[in-house]
Structure formats: C-alpha cells, structure tokens
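Thank you all for coming; I would like to walk you slowly through one structure this morning.

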Amino acid sequence: MIGKHINDIVLSDLHALVGNAFERYNLEFKSTLLIDTKSDRKEFLADVSSFANASGGDIFYGVEEIGGKASAAPGILVSDPDKTSLAVEELIRNGIEERIEVAVRQFEIGPGRFIVLIRVYEGMAKPHQVSFARTSKYYARGNAGKYQLHQSQITEAFKASLERKNHISQFFTERFNQIAQRNFSVPMHPYGLVALILIPSRAFSQQPGFDITRLENKLLPPMGGGSHSFSFTGDGLLSSSGYDHSRRDAYLQIRKNGILETVSSGVCCSFAGQNTLPVSESYNYEKVLVDCLTGYLNHYDKLGVAFPVSAQVALLNCKDHWLNWPGNRNAFQRNIPLLTDRLASDELVIYSSKTDVPRLLKPFFDTVWNHAGWERSHNFEDNGQWNPRR
C-alpha cells in the first residue's frame with residue numbers, strides 16, 4: 001500500500017513501483033481489469049473483499065508482476081474512465097456484504113491507457129461476504145495472497161469483529177463518563193466540556209504501530225489550538241493550553257496505541273450572567289471542533305496511521321448552558337437552556353483524512369441546536385453547505 005492519501009498519489013509514485021515493489025498482504029498487481037463475465041466478477045469481488053477482511057490495501061490494475069515483483073506498468077485500455085469507475089463501484093456496492101469502503105483513481109499514462117488503483121479500506125464489520133450471484137464466500141489475505149476462509153475462520157472473524165466493536169463502544173462510554181466526572185490530569189475551568197476522542201482501527205491490536213515519541217505528536221495542540229506545554233506520562237503524552245496554569249483551557253492526551261483524546265473547558269464561558277456555548281464568531285464551538293478533527297485526521301495521515309478511525313464527540317456538564325449567538329438580537333428570546341448534562345454524537349467511522357468533516361458532524365450540531373429550541377445549526381446554509389457564522 002502506498003503510504004499516501006489516494007488523492008496525493010502521482011504518476012512518479014507508480015513508476016517507482018516497477019522493479020522495486022513486491023506484492024504483500026496490502027498490495028497487489030493485476031495486468032488486467034476483468035469484470036465482464038460472471039466468473040470475472042466473482043474473482044474481482046473475491047480480491048477486493050479479501051483486502052477488506054484483512055488490513056485494507058491497494059490493488060493496481062495495469063501493472064504486471066513477475067514472481068510478485070512489479071515488472072512493468074503498461075496500463076489497460078479504458079474507453080470511458082468515468083463509466084469504468086462507476087461500474088467498479090456499483091459492482092462492489094452490490095456484490096459484497098456488509099458494505100465496504102473503497103476509493104477508485106485512474107492515472108492516464110498514454111492515449112486511452114490507464115493504471116486503475118482501487119484502495120480498499122479495512123472493514124469495520126468483518127467478515128465481508130462475496131454475495132454476488134449467490135456466491136456466499138469469504139476471503140482474507142496474507143503475504144502470499146488471498147485465501148478462502150473455512151467455517152471456523154469465519155466464526156472467529158465474526159467474533160473478533162464483535163469484540164472490537166464492543167471494545168471501542170465501551171472505551172467511548174467509560175472515558176466520557178470519567179471526563180464528565182472531571183477525572184483528568186489537568187485542572188480545568190468550571191464550565192461545560194467539549195470532548196473529542198479518536199480511536200484508530202488497530203489501537204487495540206497487539207501491534208498498534210504508533211510511535212508516541214515522534215516530534216509531530218509533541219507539536220500537536222489541544223482543541224482550540226494555541227501555545228501549549230507537554231510531558232510524557234505512563235499512558236503516553238499529555239499537553240495542555242491556557243494562560244492560567246491553575247485552570248487550563250484544554251488538554252490533549254495521546255496514548256501509546258494512537259488514541260487521541262482532547263477536552264476543552266475554554267470554549268464554554270460566562271456571558272451576560274449566563275453559562276454559554278458560543279455558536280458564532282471566533283469562539284464558535286462548531287468551528288473549533290471542525291478545525292480540531294480535521295487537523296487530527298491530517299496528523300494521523302502524516303504519521304501513516306491506518307484508517308478507518310472511529311470518533312465520537314460529546315458535550316458534557318452542559319446543563320443550563322445557553323447557545324450564545326450575538327449576531328442575532330433575539331437569540332436569548334428564542335433560546336432555551338440545554339436541559340441535559342450530556343449530548344453525544346453517534347459513533348463515527350472515518351475512512352479518510354480528506355473526509356467532509358462539517359458534513360460528518362452536522363447531525364450532532366443540529367441535535368445541540370434542537371435541544372436549545374432551534375430547528376438546525378445556523379452554521380450551515382439551507383442547502384447544508386458549511387458556512388460558520390462570524
């Protein structure tokens with residue numbers, strides 16, 4: 001698998017494969033892309049599903065190999081690139097259960113000749129079955145290529161997938177409970193808390209592959225940005241920001257397995273005698289969250305952390321906080337205070353650092369505004385376009 005976001009890959013990266021790269025569990029070369037016959041489609045789906053049932057990876061069509069080593073990249077003839085991409089995506093969508101996430105890119109290397117890259121992301125609901133034409137088969141991968149799973153392996157895969165899902169959900173629940181009880185290592189302001197937790201897909205594996213000592217981790221700021229101090233702890237790395245050391249604005253904890261946890265008590269504040277949650281101008285909590293999550297996903301990408309990533313956002317200890325929207329003179333007349341101590345997003349699965357973060361978080365933002373008496377977040381236009389208020 002090329003260690004770049006798929007949109008950042010250039011032709012020189014593909015040329016560098018020839019004579020250097022070997023097929024392995026997350027990389028495969030195919031001289032042709034065949035999806036015309038029923039047999040072709042079954043084989044194609046077996047290849048793709050095997051990556052989703054392993055650790056994800058890249059399949060290059062139009063690259064020849066000898067003994068597993070990329071030997072040439074003549075490409076394949078493609079008369080209509082858009083039609084080919086749509087056909088591939090539709091076949092994957094309709095031929096594999098549960099749904100998997102893929103990205104398709106085509107690189108033109110000559111008139112009508114393309115190298116087609118299909119990036120398959122690790123599945124979050126393993127094992128994924130080839131269901132096309134009632135095939136009902138499961139495949140996985142190792143360094144020697146794909147292989148069909150037998151019944152005991154299928155059972156173990158279902159069990160492992162459920163355990164991972166439960167582990168992630170339990171971690172979110174336990175940590176948000178502890179944060180709500182202010183069980184953290186730095187003193188914070190007494191206002192409501194905005195919290196974000198990210199869990200890489202391999203965080204709970206025996207080898208998460210995360211280097212906590214990287215300089216980039218030390219430079220990564222807590223929610224809200226700004227200058228910060230950091231120190232290493234038994235769990236990993238802890239940084240905090242704010243001018244008052246007796247009451248910090250925010251902290252960021254990076255665990256040794258790559259889990260990121262950031263909490264801010266500096267976003268909520270007191271205004272006109274009320275505890276408030278700003279939803280406009282520079283302290284707009286929605287913009288703070290969007291910028292924060294976007295930055296952390298890019299951080300994972302730079303460090304080569306494997307996607308997908310699970311994430312969850314929560315407002316904690318926010319009962320009786322009002323949405324502060326100074327741009328609207330009637331804001332406090334229409335507002336009602338939040339009547340719950342906790343509002344949390346669904347568990348989010350993120351497959352790429354280039355994901356549309358505002359759209360991803362919009363359902364959560366809308367829910368918060370609903371609780372304050374509004375129909376939706378007013379940081380979005382009527383058509384759903386992100387446009388934070390200033």
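This is a predicted model: local features need pLDDT of at least 70, side-chain atom pairs count only at pLDDT 80 or more; totals for chains, interfaces and linings use all residues.

Let me start with Cys292, which is buried at a relative accessible area of 7%, where buried means under 20% relative accessible area, exposed over 50% and partly exposed in between, with a 1.4 Å probe and protein chains only. Cys318 is buried too, with a relative accessible area of 3%. If a disulfide is taken as a pair of cysteine sulfur atoms within 2.5 Å, the count here comes to zero.

Residues are numbered from 1 along each chain as its sequence is written, and side-chain values use heavy atoms, with hydrogens and water left out.

Next, Gln106, which lies in strand 7, residues 102-110; strands (E, at least two residues) and helices (H or I, at least four) are DSSP runs, numbered from the N terminus. Is Gln106 buried or exposed? At 17% relative accessibility, Gln106 counts as buried. Its side chain makes a polar contact of 2.7 Å with the side chain of Ser85, a polar contact being a pair of N or O atoms within 3.5 Å, where within protein one must be able to donate a hydrogen and the other to accept it, and residues adjacent in sequence count only if both atoms are side-chain atoms. A polar atom of the Gln106 side chain also lies 2.7 Å from the backbone oxygen of Pro81.

Let me turn to the pockets. On a 1 Å grid over the protein atoms alone, a pocket is an open set of points where a 1.4 Å probe fits, with protein on both sides within 12 Å along at least five of seven lines, and lining residues have an atom within 4 Å of a point. The largest pocket holds about 590 Å³ of space, a volume being the space filled by probe spheres set on the points, which are joined across faces, edges and corners. Of the 28 residues lining the largest pocket, the closest to its centre are Met223, Gly224, Gly225, Gly226 and Ser241. Helix 6 gives the most to this lining, with six residues.

The second largest pocket has a volume of about 450 Å³, and of its 20 lining residues the closest to the centre are Glu122, Lys126, Ala160, Arg164 and Ser205. Here the largest share of the lining, seven residues, comes from helix 4, residues 151-180.
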